[in-house]
Amino acid sequence: MDSSEFNRFLARFTLAAESGDGQRFAECFTPDGVYYDYIYGVHQGRDQIAHMMQNLFHRDAGEDYRWEMFDGVIDGDVGYAWSLSSFSSDIPKFKGNKVVIDGMSRFVMRDGLIAEYRESVNGGVAMKQLGVEPARMGKVFDRWIGWLQEREETKDYLARPRGEFAKERLQAIVKG
């Protein structure tokens, strides 16, 4: 997949997300695909991903849910894109509160579909716009810290001496 194909895929992906049709969205993933969501957690397989999009995202985000991807780039099987998303909350406690956030998405692709999706979003910005009280935000942030620290990539990163990864990468390029 080249960048042009990847950007066409991103358009299909976001239209599926905005539609509220969980099955349509899940079809963008491999049958064993994984979606790591910063609010709703980890969802693996098309059934779980469809449920998350249709019964969690759209339940809480309301009818005006939008998500647009920009500047998609791909190298091999890994793609990235910057996004903007917005919605007016349907959560009873926050009903009608408008949220707009930006984020970065990482796509691991296999056979033209998403095998793994991760995003980096400043969820604190979203929660502040919703009106979430600070104590509850702290609990959510603690959960996110736990997720970050439990990831194998984070453990490997913290175990390596500073500069080692870059040195190894430079040596591999030189040997290239």
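Predicted model: local features only at pLDDT ≥ 70, side-chain atom pairs only at ≥ 80, totals over all residues.
Two strands pair if DSSP finds at least two bridges between them.

**Whole chain.** Seven helices and six strands are present, in the order α-α-β-β-α-β-β-β-β-α-α-α-α along the sequence. The C-alpha trace spans about 60 × 40 × 25 Å along its principal axes. Of the 176 residues, 39% are buried. Among contacts between residues at least 6 apart in sequence, 51% connect residues at least 24 apart.

**Strand β5.** Next, select residues 98-110, which form β5. In a regular strand, side chains alternate between the two faces of the sheet. The covered face of β5 carries V99, I101, G103, S105, F107 and M109. Its uncovered face carries K98, V100, D102, M104, R106, V108 and R110.

**Strand β6.** Now select residues 113-121, strand β6. This strand runs antiparallel to β5, and eight bridges join the two. Which residue of β6 is the bridge partner of V108? The partner is E116.

**The hairpin.** Finally, centre the view on the hairpin of β5 and β6, where two residues lie between the strands. Select D111 there: its phi is positive, near 55 degrees.

**Surface and charge.** To close, switch to a surface view. The accessible surface comes to about 10,500 Å², with 54% belonging to carbon and sulfur atoms. Colouring by charge shows 23 positive and 28 negative side chains, and the centres of these two sets lie 5 Å apart.

Terms used
Residues numbered from 1 in each chain as written. Heavy atoms only, no water. Helix = DSSP H or I, 4+ residues; strand = E, 2+ residues; numbered from the N terminus. Buried < 20%, exposed > 50% of the residue type's maximum accessible area, 1.4 Å probe, protein only. Contact = heavy atoms within 4.5 Å. Areas by Shrake-Rupley, 256 points an atom, 1.4 Å probe, with all protein chains shown as cover. Lys, Arg positive; Asp, Glu negative; His and termini not counted. Charge placed at Lys NZ, Arg CZ, Asp CG, Glu CD.
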